[in-house]
Amino acid sequence: MLAALGVSSMDDLLIDIPRSLRLSALELPAGLSELETMAQVKSLAARNRVFADRLTFRGGGVYRRFIPAAVAAVTSKPEFYSAYTPYQPEASQGTLQAIYEFQTLIAELTGLDVANASMYDGATAVAEAAMMAHIHTGRNEIVVVGYLHPEYLEVLRAFSEGRGIKVRRGTEPNSKTAAVVFQQPDFLGLLVDAAGLTANAHSLGALAIACVDPISLAIVAPPGEYGADIAAGEGQQLGLSPSYGGPHVGFIACRKDLVRRLPGRLIGSAHDSAGRRGFVLTLTAREQHIRRERASSNICTNHSLCALAASVYMTYMGADGMRQVAEVSFKRAHALAERLAALPGWEMAFPERQFLNEFPIRVPKASAVLRKLARKSILGGLDVHRWFRELKGVLTFACTEVNDARALDELVEALA
Amino acid sequence: MTELLSFEKSRQNAHGPRLPEADVESPGPDDVLPRELLRAQPPGLPRLSEPEIMRHYSRLASMNYSISEQFYPLGSCTMKYNPVANEAAAALPGFTDLHPYQDEETVQGALSLMWRLEQALCAVVGVDRVTLQPAAGAHGEWTALRMIQAFHRSRGEARTEVLVPDSAHGTNPASAALSGFRVVEVRSGPDGRISLADLESKLSPRVAALMLTNPNTLGLFEREILDVAEIVHATGAMLYYDGANLNAFMGICRPGDMGFDAVHMNLHKTFTTPHGGGGPGAGPVGVKADLVPFLPTPTVERMNGQLKLDFKRPKSIGRVRSFYGNFGMLVRAYTYIVAMGGDGLTQASLDAVLGANYLRHEVEGLLEMPHEGPCMHEFVASARNLAPRGIKALDVAKGLLERDFYAPTIYFPLVVPEAIMVEPTETESKATLDAFAAAIKEIVRQADESPETLHEAPHGLPVGRLDEVATARHINAYLQGQSEDPILRWKKAP
């Protein structure tokens, strides 16, 4: 190739780089064979302690759930994972249709009109939802009610600060509030009065943003039923492994009149001149590559492959399957809560509140409890005192369909 | 070939999966929860059997072009081959089954991987520390700008402007604006490089940073980068590096040595994590010492032979996403770096530059080349020479699809009319590059002989050109209440 270019060495092609900038070599070890590479990577994996699915009772936004084999069988197809953003629709119908189906599935699940093609995670989805409300209402204040996931709150603050938006928690919304943000169920697993919070927000001219758990929506009222304007959340439970926190997938859905405020990609249906239906990226005039500094979000791509996993999961499980796992999780969590609350010194932290599959319980010596469980290879509840000063000694335990009845026995026996 | 939607294939009598029962004596949600908290209508999800679902997605997969089957010379996107060993590494249960809130002593392998990846990225780009938290390139840009903003504020300086070249990617001005900065554009000179005169005229004590990619989006190395750095720093502003084009010079030179203070990297471009049809990516940001106190929390730190997550960083800009970034993508990038080593990464960049220059040479004379070579890892051609035949860059792109190539990036950068931006990457052979050049030659001939058939391209794909304008019009009708069909989702016909 050098000969075809009429040059004698690579240096002739790199003439624009000042000599003083040229490196002699990278300060990195030399390359390895696949055999040696994998041995090194596997040795790192082996230095992590993996708790069995059935003995994992820790949630806090990331949950162990049954993942049908169909999910990996689809997402490991290189036609999906090694394609890029579908700029050329004729050669990207697979991705486009899959994401159009994802948008429909999320809209159905949340009971709202339209969903976008996905977000990075639950935290950025909530933050972007709040930015939508800020732009839509022209107001500069976001009110967070109750126990929103503390990391979502941190990300919301980081997003807001650059734009001069105030985020308040623990105060009542008022006529300057752009949106009221609440989580259903909340970070501790407790159900909130979503309909009441929504109505209150609306009475002040603010939007209501519901941060929701997608599996819970098989049982509890979705945002569309109680009139919330935007639903946002984390889709990890829809077929994605914990993977030390990512990659997962955020989702965002809204009412019809907010569609133009949606961040990120949107796929719409279209037709070619022969009348065949296909799918295209649409309403791109909202996005950064057209609007540049006037765009309302800088999000470029999303988490397409994770959205694909979620689509396969929801299609595989169907409404009945999702309801079944939600119910099994609910029943096991309630059975576990009853048994744990009967242990000496243990009591439900909010006995008057309803929950689904995760609940806060006050225990004597939280760290000792967790150590004791770890010795029995059990990943116990999450110590939430780390984020909330008022919750000293409170652990949240999560149950899903993977924690079989025997696993609950083992947990309780380990504490006896 | 088209494929019905899963919703359209749904049938009431399809059996869903068999799932376990609760096996505990406990009431269900309908017994415990008040009615107003319960869902009134089940969600309208499709009902299909497993074989129907698998066939559905296999057919959809066959409708995609991808790196695994096609040459994908999408300029600026660095669509290089995704080694399958990366996928095997990320699928190890020792990584996939880790809960993000496990105690630090149980995740030393994961923290060690993050630590080593950070060290490797520091070495490649020449910075002091790296945050692995941002989920994508645009997210990384915004993170870097927030740090730069926090740095200036910590010195009591309210700098409100960010300079962005006119050839920049759209995320640059968007990220700057979303951090609360006013965006000021800097013009390119006639040679396609940043104009020093224009830059100097726009610098002032109000400027917080200049955002630059090098090589720029035209694939040209900014020869005067050291002068740029000097005049920017002299005004107290910082220099931000958009890492979209890092694949051009790994092991050859480093943004840190050029004077950049903050550098974002796209692991899905330079470090071969798959693009996934549009994510997940990962957009780590490297910074020089001045910006280290402002890194997002947590960082990974070494203390007494153990690795720890450090949450106590009083000057930090806070958290930019949940947990610690797209960890699964970090595993893939780390695997790639270990396999390639310093020598392999350097060779990759050299090959990328060679391939781009070779292809540029082969295409020159067929398409216009608005700027002098040599280029770095990509080049921008223009289809302006085909305009007299009524042929546009879009037609060339569609003609390539018809010939089993994915199309290059078109109409970007905005400073070149009818732009066709080609980035072959190091993983393509000479035979592939020759075949691509031959396809361009054929398209140019077709433009001359039968432009109307080129207007109708692509033939033989699942669909022909789709009427995007009609789609936007139908969405408008829906949003204005004149139609029941949302277009943005499937809805059962009434």
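**Figure 1. Contact between chain B and chain A in the predicted model.** In this predicted model, the contact draws on 164 residues of chain B and 157 residues of chain A. On the side of chain B that touches chain A, the element that gives the most is helix α12 (residues 327-363) of chain B, with 19 residues. By class, that side of chain B consists of 94 nonpolar, 48 polar and 22 charged residues.

Figure 2. Helix α8 (residues 171-178) of chain B is mostly covered, with eight of its eight residues buried. These buried residues are B:Thr171, B:Asn172, B:Pro173, B:Ala174, B:Ser175, B:Ala176, B:Ala177 and B:Leu178. Both chains take part in the cover: it includes α7 (150-162) and α10 (288-291) of chain A, and also α7 (137-154), β2 (161-165), β3 (182-186) and β4 of chain B. B:Gly180, which follows α8(B), has a positive phi near 95°.

**Figure 3. Strand β5 of chain B between its pairing partners.** Strand β5 (residues 238-241) of chain B points B:Met238 and B:Tyr240 one way and B:Leu239 and B:Tyr241 the other way. All of these residues are buried. Strand β4 (residues 207-212) of chain B pairs with β5(B) in the parallel sense, over four bridges. Within that pairing, B:Tyr241 in β5(B) is the bridge partner of B:Leu212. Together with helix α10 (residues 225-234) of chain B, β4(B) and β5(B) make a right-handed β-α-β unit. β5(B) also pairs in the parallel sense with strand β6 (residues 262-264) of chain B, here over two bridges. In β6(B), B:Ala262 stands opposite B:Tyr240.

**Figure 4. Domains of chain B.** The domain assignment of chain B gives domain 1 (6-61) and domain 2 (85-339). The centres of domain 1 of chain B and domain 2 of chain B, taken over C-alpha atoms, are 42 Å apart.

**Figure 5. Overall build of chain A.** Chain A contains 13 helices and 13 strands. Its radius of gyration is 24 Å, close to the 22 Å that the globule rule gives for 416 residues, so chain A is as compact as a globular protein of that length. The C-alpha trace of chain A spans about 85 × 55 × 50 Å along its principal axes. Of the 416 residues in chain A, 63% are buried. Among contacts in chain A with a separation of 6 or more, 73% are between residues 24 or more positions apart.

**Figure 6. Contact between the two domains of chain A.** Chain A is divided into domain 1 (53-67 + 319-415) and domain 2 (71-310). Taken over C-alpha atoms, the centres of domain 1 of chain A and domain 2 of chain A are separated by 28 Å. In the contact, 24 residues of domain 1 of chain A meet 20 residues of domain 2 of chain A. On the domain 1 side, the elements that give two or more residues are α11 (304-341) and β11 (358-362) of chain A. α11(A) gives the most to that side, with seven residues. The residues on the side of domain 1 of chain A that touches domain 2 of chain A comprise 15 nonpolar, three polar and six charged.

Figure 7. Most peptide bonds are trans. The bond from A:Gln184 to A:Pro185 is cis, with omega near -10°. A:Pro185 lies in the loop between β4 (177-184) and α8 (194-203) of chain A. In chain B, the peptide bond from B:Phe412 to B:Pro413 is cis, with omega near -5°. B:Pro413 is placed in the loop between β11 (409-410) and β12 (419-422) of chain B.

Figure 8. Most residues other than glycine have a negative phi. A:Ser243 is not a glycine, yet its phi is positive, about 45°. The residue lies in the loop between β6 (230-234) and β7 (250-254) of chain A. A:Ser243 counts as buried because it has 26 C-beta neighbours inside 10 Å, the cut-off for a buried residue being 20 or more. A:Tyr244, also a residue other than glycine, has a positive phi near 50°. A:Tyr244 is found in the loop between β6 and β7 of chain A. With 29 C-beta neighbours inside 10 Å, A:Tyr244 counts as buried.

Definitions and conventions
Residues are numbered from 1 along each chain as its sequence is written. Chains are lettered from A and ligands numbered from 1 in the order in which they are written. This is a predicted model: local features need pLDDT of at least 70, side-chain atom pairs count only at pLDDT 80 or more; totals for chains, interfaces and linings use all residues. Domain bounds come from an automatic or database domain assignment. The radius of gyration is taken over C-alpha atoms; the globule rule is 2.2 Å times the number of residues to the power 0.38. A residue is buried if 20 or more other C-beta atoms lie within 10 Å of its own, exposed if 12 or fewer, and partly exposed in between; C-beta atoms are placed from the backbone. Two residues are in contact if their C-beta atoms, placed from the backbone, lie within 7 Å. Ala, Val, Leu, Ile, Met, Phe, Trp, Tyr, Cys and Pro count as nonpolar, Asp, Glu, Lys and Arg as charged, and the others, Gly among them, as polar. Two strands pair if DSSP finds at least two bridges between them. A crossover is right-handed if, with the strands pointing away from the viewer, the path from the first strand over the helix to the second runs clockwise.
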